[in-house]
Amino acid sequence: MALETAAVETAKHERETPIRVLVAKPGLDGHDRGAKVMVRALRDAGMEVIYTGLFQTPDMIAEAALQEDVDVIGLSILSGAHLAIFPRIMETLRTRGLDDVLVIAGGTIPEDDIDEVKRLGVAAVFGPGTSLREAVAFIRANAPIRHDAA
Amino acid sequence: MGLVDDALGGSVRALARLATHIENETNVAHAALARLYPLSGRAHTIGITGPPGAGKSSLVNRIVARYRTAGKRVAVIAVDPTSPLTGGATLGDRIRMLDLQGDAGVFIRSTASRGRTGGLAPTTSGLIHLFDAVGFDVVIVETVGIGQEEIDVVHYVESVVLVQVPGLGDGIQALKAGVLEIADIYAVNKIDLPGAHGTVRELQTLLGLSEHISSWSPPVVGVSASEAVGIDELVDALNRQRAWLDESGSLRTRRRAIAAMEISQQVQRLFERKIALQGRSWATDELISNVAERTETPANAADSILAHWSNVT
C-alpha cells in the first residue's frame with residue numbers, strides 16, 4: 001500500500017513538468033482549423049504544443065517528434081486517407097524507437113474505420129463534436145511517463 | 001549505457017531526452033551536464049533576436065541551410081513564450097524551418113520560456129552546452145520575439161544578430177538605449193519592402209555615431225529571408241565576427257563574461273527554486289503581517305529570510 005502511494009506521488013511529481021505534444025497534419029488536405037483549435041486548447045490546458053503545419057509526411061512527423069521529445073502526437077486528418085497514411089506513420093514511429101509516444105487522432109474518420117485505426121496503435125479518435133475537455137483529460141490520463149538514468 | 005553515452009554516440013533519441021531533462025531541471029540533467037560541460041566550448045554560439053514577426057525563424061532557416069552547404073552541423077534552440085496564466089505554450093518556430101527537415105546534420109529543438117522574461121528560458125544555457133558538447137559546429141539560439149530590453153541572449157552566446165524590419169519607427173527609436181546597443185551584427189529583414197534601405201541607413205548612421213569601444217564595427221546587412229537575399233553576406237559577417245573574436249583576444253573576455261553570467265544565473269535559479277519549493281512558507285505570517293502593517297519594510301523582511309536560510313544550509 002505504501003509502495004502504491006509512493007508510485008502515485010512519483011507520477012504526480014513528474015506531471016509537474018509540462019506535457020509536450022506535437023500536433024501534425026499528415027497528408028494533403030489543407031483544413032487546419034481543427035488542428036489550430038486543438039493547439040490552442042492544449043496550450044490553455046498548460047501543455048507545450050509544437051505545431052508543424054500542413055502536408056506532413058510520416059518521416060517529417062517522426063523526425064519532429066523525435067527531436068522535440070514529445071509525449072503525445074495528435075494527428076489531424078480530413079482527407080479520408082487515414083487508412084492509407086496512419087499505418088505508415090505508426091511504422092515510421094516504431095522504426096525510430098518512438099513506440100512509447102501516445103498517438104491520438106482527430107478529424108473526419110468514419111465510425112466504421114475507428115476500430116481499424118485503433119488496431120494500428122492510435123490510442124483514441126476524437127471526431128467532430130468531441131469536447132475539448134474530453135481530449136485534454138484523455139491526454140492527461142494517458143501521456144507516458146519516462147524513467148531515465150544519466 | 002546511459003543517455004549521455006548514447007547521445008555522445010550519436011543517438012538522436014538520447015539527445016532529445018537529455019534536452020527534456022535539462023528543460024525540466026531534473027537530477028538526470030544535473031549529472032549529465034557535469035559530464036558534458038567539460039566537452040563544450042567548441043561550437044560557434046549564435047543568438048538571433050528581434051521583435052515578433054521580424055522573420056527570425058525564417059532567417060534561421062536560411063542561415064542553417066547556408067552553414068549546411070559549408071558542411072557544418074547545426075543545432076537550433078527556438079524559444080517561444082510560455083503563458084503566464086496557464087503555463088502552456090505554442091511552439092511554432094519549427095513551421096518556418098521545414099526546408100531543414102530530413103537533414104541528419106540539423107537538430108531543431110523548440111523550447112518554452114517557462115516564466116523567464118528576458119527572451120530566453122531559464123535552461124537555455126544548459127541546452128547550448130548540450131548541443132555544443134555532442135559535437136554540433138554551430139548552435140543557434142532564436143529568442144522569443146523581444147521588445148526594447150529583453151536582451152538575455154547577449155550574455156550567453158558569442159555572436160548576436162539583431163533582426164530589424166522597416167516601419168518600426170524613426171531615427172529616435174534607434175537612439176534609445178537597450179536592444180539596439182547590443183548586437184554584433186544587424187540584419188534588416190524584408191529588404192524588398194519600401195523604406196527598408198532607409199532603415200539600413202539609419203542604423204548605419206547611428207552605429208557611426210557611437211564611440212568605438214572595440215575594434216569590431218557591427219555591420220548592417222540587408223536581407224530577405226523569404227527571397228533568400230543577403231544570406232551569404234550575413235553568414236560571412238558571422239564568420240568574420242567569430243574570427244575577430246579569436247584574433248583580437250576578445251573571445252576569452254566574452255567567454256569569461258558568459259561564465260560569470262551563468263554562475264550568477266545559477267545562484268538566482270537556486271533561490272527561485274527554493275522559493276517555489278517552499279511555496280509561501282518562507283515568509284511567515286508574522287513577517288507578512290509586519291510588512292502589510294508597515295512595521296517592517298519588504299527589504300528588511302527579505303534580509304531576515306536570507307539570514308535564516310544561510311543558517312539552515
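Which backbone oxygen lies 3.2 Å from a polar atom of the side chain of Gln241(B)? Please also walk me through the surroundings.

Reply: Happy to. One thing to keep in mind is that this is a predicted model. The oxygen you are asking about belongs to Glu158(B): its backbone oxygen is 3.2 Å from a polar atom in the Gln241(B) side chain.

Setting aside neighbours within four places in sequence, Gln241(B) is in contact with His44(B), Glu158(B), Ser159(B), Asp184(B), Ile185(B), Trp216(B) and Arg254(B). By comparison, Gln164(B) is 77 residues away along the chain, and the C-alpha atoms of Gln241(B) and Gln164(B) are 19 Å apart.

His44(B) belongs to strand S1 of chain B, residues 44-49, where six of six residues are buried. Both faces of S1(B) are covered: one side has His44(B), Ile46(B) and Ile48(B), and the other has Thr45(B), Gly47(B) and Thr49(B). S1(B) runs parallel to strand S5 (residues 138-142) of chain B, joined to that strand by five bridges; within S5(B), His44(B) has Val138(B) as its bridge partner. Ser159(B) takes us to strand S6 of chain B, residues 159-164, which is also parallel to S1(B) and is linked to S1(B) by four bridges. There, Gly47(B) is partnered with Val160(B).

Stepping back to the nonpolar cores, the largest has 48 residues, and the members touching the most others are Leu15(B), Leu18(B), Ile77(B), Leu130(B), Phe131(B), Phe136(B) and Tyr186(B). Helix H2 of chain B (residues 12-24) contributes the most to this core, with six residues. At least three residues come from each of domain 1 (1-39) and domain 2 (41-248) of chain B. As a close-up, Phe136(B) touches Leu15(B), Ala43(B), Arg73(B), Val74(B), Ala75(B), Gly105(B), Phe107(B) and Phe131(B), leaving out residues up to four places away in sequence. There is also a second, separate core of 33 residues, with Ile63(B), Val163(B), Val165(B) and Val235(B) among its members. In soluble globular proteins, nonpolar side chains tend to be buried together.

Key:
Residues are numbered from 1 along each chain as its sequence is written. Chains are lettered from A and ligands numbered from 1 in the order in which they are written. This is a predicted model: local features need pLDDT of at least 70, side-chain atom pairs count only at pLDDT 80 or more; totals for chains, interfaces and linings use all residues. Side-chain values use heavy atoms; hydrogens and water are left out. Contact means heavy atoms within 4.5 Å. A polar contact is a pair of N or O atoms within 3.5 Å; within protein, one must be able to donate a hydrogen and the other to accept it, and residues adjacent in sequence count only if both atoms are side-chain atoms. A nonpolar core is a set of buried Ala, Val, Leu, Ile, Met, Phe, Trp, Tyr and Cys residues joined through side-chain atoms within 4.5 Å. Buried means under 20% relative accessible area, exposed over 50%, partly exposed in between (1.4 Å probe, protein chains only). Helices (H or I, at least four residues) and strands (E, at least two) are DSSP runs, numbered from the N terminus. Domain bounds come from an automatic or database domain assignment. Two strands pair if DSSP finds at least two bridges between them.
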